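This report looks at one multi-chain model. Please keep the sequence and the structure open while reading.

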Amino acid sequence: MTETLESAPPPSPAADGPSRAPLPRLLRAELRWIFRRPRTLVVLGLLAAIPVIIGVALTLVDSPGPPDGGGDGDGGSLVATAAGNALVLPIAALAMALGLLLPLTAAMVGGDALAGEQAHGTLRGWLLAPVSRGRLLFVKAFGVATFAVCAAGVMALTGIVTGLVINGTDALVSLSGTTLTFPEALLKVAIAAGWVSLQLWAVGAVALAISACTEHPMVVLASVLGGVVVFSVLQFLDALDWLHPFLLNASWQDLADVLRDPMPGGALAEGALRAACYIAIALSLAYARLSTKDG
Amino acid sequence: MNPKRKALAVAVAGTALGAAGLGLLAVPAGAGEAPELPPVGAQALVQSVLEADPPALAGTVAFDNQLGLPSMPGVPMLDMDSARVYYDGEGDSRIAVQDGNSEQTIVRDGNTVWMYDSATDTATKTDARSHHPREENPQGRMSDPAAAAADLVSDLRASSTVSVDGTARVAGRPAYELVLTPKPEERTLLREVRVAVDSESRLPLRLSVLTNGTTEPALQLGFTDIDFGAQPAELFEFTPPRGATVTEAEPDVEGARDAARAGEPRLVGEGWDAVLVGRVPADVLSGGEEDGNVRGMLDRLSTRVSGDWGSGQLVSTSIGTAILTDDGRFALGAVPQQVLTKALATR
Amino acid sequence: MSTAVTGVDVPGTGASTPASPPAARTRGLRKTYGSTVAVDHVDLDIPEGAVLGMLGPNGSGKTTTIRMLLGLVRPTAGEASLLGHPMPAGAAHALPHVGALVEGPGFHPFLSGRENLLRLGAAEPKLSGREIPRAVDAALERVGLAGAATRRYRGYSLGMKQRLGLAAALLVPRRMVVLDEPTNGLDPAGTREVRSIIAELHAAGVTVLVSSHLLAEVEATCTHVAVLHAGTVVAQGELAELLESGSPGLVVSTPDAAEAVEALRRNRIPSRLTPEGVRVDLTATTAPEVVSALVHAGVSVHEARRARTGLEDLFARLTQQESNGEVSR
């Protein structure tokens with residue numbers, strides 16, 4: 001604590017207007033924080049490994065044999081198709097992880113974003129800077145969205161690479177039996193990754209809304225886990241089919257649509273709109289909670 | 001503004017917006033006010049349907065059933081989610097039946113029919129020269145409302161009242177509702193069959209089967225979206241992907257063998273209370289790896305019945321009943337159980 | 001805990017240089033959590049350039065008052081203003097000029113101290129992007145953490161954590177600095193350093209609000225004092241005035257302390273032994289009488305001076321009176 005008095009305040013009553021830190025700087029700081037966190041890196045590494053593990057396992061098993069029955073829930077038959085098809089592997093991996101794993105990672109990031117910061121007392125630091133609560137939520141939602149894109153992107157990337165290494169570029173076959181060129185296949189995977197990112201962002205937004213109401217990131221994780229499980233169960237109850245269009249995961253099964261040729265866009269568009277609705281609801285509730293809660 | 005009020009306003013606005021969007025998704029596509037169309041007679045409508053050639057189109061067909069059976073994953077026809085249908089207007093077609101995460105693609109290219117199953121990665125090539133395309137393939141036939149509706153209309157005219165009952169919007173298109181009601185003396189479970197006919201192309205867009213005492217169709221097959229217009233030619237070509245198992249099938253021969261083994265099934269009665277009576281090929285029920293499945297499935301679905309015709313297992317659904325006797329005969333129809341047993345008794 | 005306005009009418013309440021507007025003030029501040037009243041009727045004035053010590057036992061509402069002043073918590077009733085801006089509405093105007101360490105240091109354990117400050121610096125409106133690293137390094141230097149800057153916060157000792165919190169408050173030149181229990185967890189050397197930082201800030205004209213339950217700390221560093229008890233301000237004013245408002249006393253330095261006390265007791269003058277000497281209560285008597293009584297008794301008096309009423313005495317007395325008053329009401 002040496003004397004560094006030159007950093008003492010020059011009286012500057014003129015600079016009294018409202019001022020705020022530039023938004024890009026906040027976004028950069030948020031991203032640096034998310035991607036410096038060991039937990040985030042471990043999760044991304046894990047996600048990156050999934051397509052590789054599936055690919056290697058399918059290769060080791062060699063001939064997967066005729067799959068029994070077909071359409072068996074979360075990409076069960078997709079995984080079987082993924083053997084010997086470089087296009088299907090990344091999407092099968094995404095479809096499988098979208099069932100539970102990916103939503104949980106989105107929930108983890110959403111939980112850390114507000115509840116975790118609150119628990120560490122770090123949210124105060126930015127609120128006192130000051131960062132207005134609306135901007136804070138924007139930054140947090142942006143961070144969650146970026147993570148969602150990274151999570152889906154990293155799986156798609158390792159999925160493609162693994163598929164290509166195992167099967168080469170000629171085995172790019174759609175579910176409809178058409179052979180695709182490499183750019184076409186890449187586009188399909190990109191669409192799938194983008195769509196999955198949007199769904200994850202919706203989960204993350206819901207996680208943020210819960211996150212704004214609690215100090216415990218584990219509560220967020222548990223709520224989202226419970227929600228995903230309950231939604232999946234509801235999805236199976238035909239008696240509740242009037243409810244199904246309201247459930248976020250109603251179109252998660254339709255990810256396989258990108259593999260069809262020509263690609264039917266209806267279900268995917270519906271799923272995207274549904275995710276957007278969830279984002280609108282969740283972020284507005286999160287804002288309402290965050291802007292009135294004590295910091 | 002008071003921050004509490006502002007927060008409340010944002011919460012309400014955002015939630016309302018999102019809920020409205022979700023509500024929009026929940027409203028079934030094609031629902032809406034009945035369009036106004038110039039009146040048309042039932043006779044003329046049926047005529048125009050039978051005459052019209054389906055134009056080039058791309059659409060999605062969905063199949064819905066409320067048969068009252070427990071949901072049976074793995075039973076192919078009941079499990080079909082939807083199918084995408086492409087037609088070039090000149091006989092070539094492509095049907096992609098979506099079944100969970102796999103797909104069966106049927107491409108008719110001139111005289112060749114390719115069938116590709118993504119789940120098994122097998123492609124089957126069939127020479128279709130000798131038969132009418134509509135009878136080529138039961139799956140294709142079910143998925144094509146044009147064929148299904150046309151057949152029904154012509155068959156049922158004798159025993160039904162045929163009328164045009166208002167209009168409807170199907171897959172966003174205005175359509176006439178052609179209604180077939182069984183004549184009072186018909187002994188059937190069905191109340192009516194409705195066929196929605198596109199007002200312009202006269203293509204049947206939707207087939208609904210309604211039973212007594214329900215408002216929701218027990219069975220519905222129809223387009224959920226449809227676009228008329230030329231389709232890219234490459235849709236109607238098929239090259240089996242590298243690595244796929246390719247076989248050439250002769251379905252006609254096989255079908256004939258099946259039929260011979262089974263004994264030709266015959267229709268007892270006519271009109272709405274017609275009952276199909278026949279004999280199940282022995283090896284379907286006993287032997288083969290399917291054995292466990294078929295018997296097990298039956299046990300779960302059926303109740304035991306017996307009478308002077310013998311004894312067997314009865315499967316009841318909202319649109320029809322079926323009996324499989326212990327000695328391997330079967331009878332099925334859109335009729336109550338008594339009609340079935342009577343039909344079984346008339347050997 | 002009803003509407004107990006400043007329980008003790010201490011001279012000097014609110015009597016501070018009226019010329020300049022206060023750096024912070026609250027009027028009728030009240031905060032309830034459910035049925036619990038955390039803070040009630042707090043009228044606080046912090047003059048520009050003052051170092052105000054906010055004293056109070058734990059749970060007396062110090063932190064809640066500070067959080068309302070900083071706009072972190074919305075008051076249930078009443079108003080608060082900071083640097084002339086109403087809070088929390090004017091947070092964007094006021095807070096860039098205010099550094100704060102509230103409720104202990106809050107940092108991310110997996111980031112180094114420097115990275116933590118960089119993250120906070122990114123949110124500081126008064127820093128341009130280029131200035132941030134420099135400001136961070138200067139702040140670390142100032143609190144003596146330059147050596148541990150790249151170590152993870154997880155591995156910091158309690159004292160280092162506290163210093164990092166202090167560094168965050170000093171990241172930018174401030175017009176006002178709010179320190180909530182700044183010496184928590186610090187060793188005596190650290191405590192001295194905090195005091196010297198406060199003194200530096202004071203010398204530079206910065207308004208400082210320090211809360212503490214350690215009286216010596218407030219006495220050592222503050223120009224003004226506010227004493228909180230059970231959610232209300234029971235006394236506030238300039239430190240010197242508050243000190244004088246205590247009961248008058250005389251401190252006598254003598255080699256025969258025990259004898260002196262005995263002699264005074266015989267003269268019915270209350271007195272007691274303190275480390276400084278014999279402390280004599282002058283409520284019922286005068287200084288010459290005391291001295292003459294001692295001289296008569298043959299006690300040698302080296303020195304007799306007016307006793308400073310220790311802030312500790314004041315603090316204890318005020319809070320004591322407050323609770324007594326409540327009982328009798």
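## Basis

The structure is a predicted model. The values that follow are computed from its atoms and should be read as such.

## Interface between chain C and chain A

How many residues does each chain bring to the contact? Chain C contributes 54 residues and chain A contributes 42 residues. The size of an interface is often given as the accessible area lost when the parts come together. For chain C and chain A this is about 4000 Å², with 55% of it on carbon and sulfur atoms.

Between chain C and chain A there are 4 salt bridges. One of them joins the side chains of C:E103 and A:R124, with an N to O distance of 3.2 Å. Polar contacts link 14 residue pairs between chain C and chain A, counting pairs with both residues at pLDDT 80 or more. On chain C, the elements that each supply at least two residues to the side touching chain A are β1 (24-33), α2 (91-94), β6 (98-101), α3 (113-122), α4 (131-142) and α6 (188-203). The greatest contribution to that side comes from α3(C), with 5 residues. Sorted by class, the side of chain C that touches chain A holds 27 nonpolar, 16 charged and 11 polar residues.

In soluble globular proteins, nonpolar side chains tend to be buried together. The largest nonpolar core in this model has 171 residues, and the members that touch the most others are C:L70, C:L82, C:L117 and C:M176. Helix α8 of chain A, residues 182-211, gives the most to this core, with 13 residues.

Which residues does C:L117 touch, not counting those up to four places away in sequence? They are C:F107, C:V136, C:L140, C:L164, C:A167, C:A168 and C:L171.

## C:D45

C:D45 is part of strand β2 of chain C, which spans residues 36-46. Is C:D45 buried or exposed? C:D45 counts as buried because its relative accessibility is 15%, and the cut-off for buried is under 20%.

The side chain of C:D45 is in polar contact with the side chain of C:R27, at 3.0 Å. Apart from neighbours within four places in sequence, C:D45 contacts C:P22, C:A24, C:R25, C:R27, C:L52 and C:Q236. C:R27 is therefore both a contact of C:D45 and its side-chain polar partner, while C:D45 itself is buried at 15% relative accessibility.

Notes:
Residues are numbered from 1 along each chain as its sequence is written. Chains are lettered from A and ligands numbered from 1 in the order in which they are written. This is a predicted model: local features need pLDDT of at least 70, side-chain atom pairs count only at pLDDT 80 or more; totals for chains, interfaces and linings use all residues. Side-chain values use heavy atoms; hydrogens and water are left out. Contact means heavy atoms within 4.5 Å. Buried area is the accessible area (1.4 Å probe) that two parts lose on being put together, summed over both. A polar contact is a pair of N or O atoms within 3.5 Å; within protein, one must be able to donate a hydrogen and the other to accept it, and residues adjacent in sequence count only if both atoms are side-chain atoms. Helices (H or I, at least four residues) and strands (E, at least two) are DSSP runs, numbered from the N terminus. Ala, Val, Leu, Ile, Met, Phe, Trp, Tyr, Cys and Pro count as nonpolar, Asp, Glu, Lys and Arg as charged, and the others, Gly among them, as polar. A nonpolar core is a set of buried Ala, Val, Leu, Ile, Met, Phe, Trp, Tyr and Cys residues joined through side-chain atoms within 4.5 Å. Buried means under 20% relative accessible area, exposed over 50%, partly exposed in between (1.4 Å probe, protein chains only).
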